[in-house]
Amino acid sequence: MQIEAETVADVTKRLRRAEGQIRGVIAMLESGRDCSEIVTQLAAVSRALDRAGFKVIAGGLQQCLESDDAAERTANVAQMEKLFLSLA
């Protein structure tokens, strides 16, 4: 199943933001910042990655529901559910 262009753009933006956050965490580690500050930033990165994954799954679910073939729709929803649970 292909991801729609709008979803790709949104997820790419989220991932680029997370990439910047990760660079920031690395800099914090290298400069000897406080452990609690580093963990707080790591938690923010983790949430950003989760949101990106959920956005991909939501886009996939929307495509599944638009399918005219009931058997295909059921299989796709099951696949999306499995992917969702892998992020949960």
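## Order of the elements

From the N terminus on, the protein chain runs α-α-α, with three helices and zero strands, where helices (H or I, at least four residues) and strands (E, at least two) are DSSP runs numbered from the N terminus. The radius of gyration, taken over C-alpha atoms, is 17 Å, well over the 12 Å that the globule rule gives for 88 residues, so the chain is more spread out than a compact globule; that rule is 2.2 Å times the number of residues to the power 0.38. Along its principal axes the C-alpha trace spans about 55 × 25 × 10 Å.

This is a predicted model, in which local features need pLDDT of at least 70 and side-chain atom pairs count only at pLDDT 80 or more, while totals for chains, interfaces and linings use all residues. Residues are numbered from 1 along each chain as its sequence is written, and side-chain values use heavy atoms, with hydrogens and water left out.

## Burial and contacts

Of the 88 residues, 22% count as buried, which means under 20% relative accessible area, whereas exposed means over 50% and partly exposed lies in between (1.4 Å probe, protein chains only). Among contacts (heavy atoms within 4.5 Å) between residues at least 6 apart in sequence, 63% join residues at least 24 apart.

## Salt bridges

The count comes to four salt bridges, each being a side-chain nitrogen of Lys or Arg within 4 Å of a carboxyl oxygen of Asp or Glu. One of them joins the side chains of R14 and D10 at 3.2 Å, N to O, and both residues lie in helix α1 (residues 5-30), four residues apart, about one turn of the helix. D10 also meets K55 in a salt bridge of 3.6 Å, N to O, and this pair links distant parts of the chain, since K55 lies in helix α2 (residues 35-66), 45 residues apart from D10. D10, R14 and K55 are thus linked in a network of salt bridges; R14 is partly exposed at 24% relative accessible area, and K55 is partly exposed at 31%.

Another salt bridge joins E19 and R23, with the closest N and O atoms 3.6 Å apart, and both of these residues lie in helix α1, four residues apart. E19 counts as partly exposed at 39% relative accessibility, whereas R23 counts as exposed at 51%.
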